[in-house]
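Subject: Structure for your review

Dear colleague,

Please find below the structure that I am handing over to you. My findings follow it.

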Amino acid sequence: MNFKHDIIIVGAGIAGLRAAVECVGKADVAVVSKVFPTRSHSCAAQGGIAASIGNEEEDHWEWHMFDTVKGSDYLADQDAVEIMAKDAPRAIYELEHMGVPFSRNAEGKIAQRNFGGHTRDYGKAPVKRACHASDRTGRVSMDTLYEQCMYHKVKFYSEHYVLSLVIDEGRCAGLVTYDLPKGELNFLAAKAVLLATGGCGRIYKTTSNSFATTGDGFNLAYQAGIPLEDMEFVQFHPTGLYPLGILVSEAARGEGGILRNRLGERFMERYAPTVKDLAPRDIVSRAILTEIREGRGIDGKDYVYLDLTHLGEDRILKKLWEITSFVKIYLGIDPVCEPIPVQPTCHYIMGGIPTDINGRVLMDEKGTVARGLYATGECACVSVHGANRLGCNSLLDLLVFGRRSGLAMMDEIPQHANHPLTFDPLKMPAEKIEGLLKREGTEKIDEIRRSMQSLMMEHCSSFRNEGSLEKGIEDIRSLKERYKNIGIKNKGKFFNYELMEAIELDHQLDISVVILLSALYRKESRGAHFREDFPARDEQDYLKHTLAFQTPEGSEIRYKPVNITRFQPEARRY
Ligand SMILES: Cc1cc2nc3c(=O)[nH]c(=O)nc-3n(C[C@H](O)[C@H](O)[C@H](O)COP(=O)(O)OP(=O)(O)OC[C@H]3O[C@@H](n4cnc5c(N)ncnc54)[C@H](O)[C@@H]3O)c2cc1C
């Protein structure tokens, strides 16, 4: 079937919904999501949203900007960071007015708490900057934005899987979806398409990300000739629940939680004497792994303790209710009386589809704009997080740049009509689906996926080196060969998740190679990318963004400069 809209947004997380709210009423807007919209990963966000509203103590957007740039290990584009830090208070009050039930302080104002890397007065001490709704900030923000979309009658294509972007005469003219409940293909024509497809944490074995976070959007863009920026920067969150990887939000440390090793030492005092447990995530994750490598993990195993017991039952239940319930359900441990076993877990990708400050997709290192194509949220790289994202800056990024993408699309759509296409957009996707359904090979999707997840963990997590990265590339490429021989047992039409997972795996394998290659070429250590063979940051050669291109000869790596406006790179001490 064919459908037509002015604007199509792929992704119903906070980024996609925020953009939809901006455009609805002024244009015909549709949102496509492979899962039911409110199940998008944004709903799992726990800790909060950063904004210098200063409700608890003095704060300024300049301090927020500085912390973000320093946290990024000076790789973030500072023009974009300035926009985000300045716009943050407005974004928070806007959410409050839409109906988000933020937690309140004693004066009845929006409550704020500490989060890693957020400081007062350019790094002097931690500052309370994270606005939150207990530890369910993502859930309530998602529900509020979804409610707004429903109220304004945004059209949802729920449980529709996007198979490909349709590029005609150099412009993105829509996309093709596979309607999962019906097993039918649709062409959705649009004057502008926004990718808001989230991250790709599921490439790794230990991750805090939901099952749907498979990185489809990255590869849709990559295969359409768009480069991917800074993909080597993959964030490991220090406190995943051992051994599952489920997130224990940084809010736990924001509220006063302390990390301890086998000897009971508060080891972060050695790694970050000023902010200790509230150092940025790359630093805390590496500290935990160093403790484990040096034999100070609990019982000689690969985890340490997160101790909340001194906080008291009242505070734990009020401020960290959801986390407490997870720990009880999954580990049978009550954090009120016992420490929580934690290990770093793959959490977030700093890189993504390159965009300008208005979400317009950039096609090369010169900044050529792709017509009709936008990206925002975790799948985009604007870049405000550089080599390492600070906690609570992602939800802020989604709100600020989701809105700006909406505004930019409203500007562009009057320039285009929904022309008839010069080709049949359904032909290739139909052949692809048919081809996959005929597969009778012996390889199993699940086995290849598990091998990929283990390989990425082994070769491309917190510590990396040349030999291991090269081996990772070779091994993932051989998985790609094995993929050619998969079998699909379910030949049915309705809710064929086996078919969908086969396509997702293809995306994941391609993205894994891009991550490994980008990491191999960056011969320095910066933020989340730590090369054991090049442990120092190298301003001379690598203060630049990586761009990975898909070419007929394979992947090609190029670079573009970082936009530095206010803060020159300096040593990163906490
Ligand atoms: C457990 C957890 C806790 C977090 N806590 C915080 C926090 O407290 N503060 C903070 O700032 N950040 C936090 N983050 C990070 C933040 O939540 C994410 O970066 C952010 O929510 C991503 O939002 P998004 O809108 O870009 O995408 P998502 O919310 O991931 O949504 C992606 C959407 O894309 C759709 N999609 C993807 N591929 C396709 C396809 N092929 N076809 C159709 N639809 C598709 C999905 O259906 C979904 O609707 C947390 C992350 C996790 C995992």
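Which helices and strands each supply at least two residues of the shell around the ligand? They are α1 (14-23), β3 (29-33), β8 (160-168), β16 (340-349) and α11 (393-412); helices (H or I, at least four residues) and strands (E, at least two) are DSSP runs, numbered from the N terminus. The greatest share comes from α11, with 4 residues.

Two remarks on the source are in order. This is a predicted model, in which local features need pLDDT of at least 70 and side-chain atom pairs count only at pLDDT 80 or more, while totals for chains, interfaces and linings use all residues. Residues are numbered from 1 along each chain as its sequence is written, and side-chain values use heavy atoms, with hydrogens and water left out.

**The ligand site**

There are 38 residues around the ligand, and Ser 40, His 41, Ser 42, Gly 47 and Glu 378 come nearest (a residue is near a molecule if one of its heavy atoms lies within 4 Å of it). By class, the shell holds 16 nonpolar, 18 polar and 4 charged residues. Here Ala, Val, Leu, Ile, Met, Phe, Trp, Tyr, Cys and Pro count as nonpolar, Asp, Glu, Lys and Arg as charged, and the others, Gly among them, as polar.

A polar side-chain atom of Ser 42 lies 2.5 Å from a ligand oxygen, and an N or O atom in the side chain of Ser 40 is 2.7 Å from one. Leu 395 takes part through a polar backbone atom, 2.7 Å from an oxygen atom of the ligand. Of the 1,000 Å² of accessible area that the ligand has on its own, the protein covers 97% (Shrake-Rupley method, 1.4 Å probe).

**Backbone features**

Two cis peptide bonds deserve mention. One joins Tyr 242 and Pro 243, with omega about 0°; Pro 243 is placed in the loop between β13 (234-241) and α6 (251-254). Another joins Val 382 and Ser 383, with omega about -15°, and Ser 383 belongs to the loop between β20 (380-381) and α11.

Positive phi values also occur in residues other than glycine. Glu 159, in the loop between β7 (155-158) and β8, has a phi of about 55°. For Glu 169, phi is near 45°, and this residue lies in the loop between β8 and β9 (171-179).

Yours sincerely

Note on methods:
A polar contact is a pair of N or O atoms within 3.5 Å; within protein, one must be able to donate a hydrogen and the other to accept it, and residues adjacent in sequence count only if both atoms are side-chain atoms.
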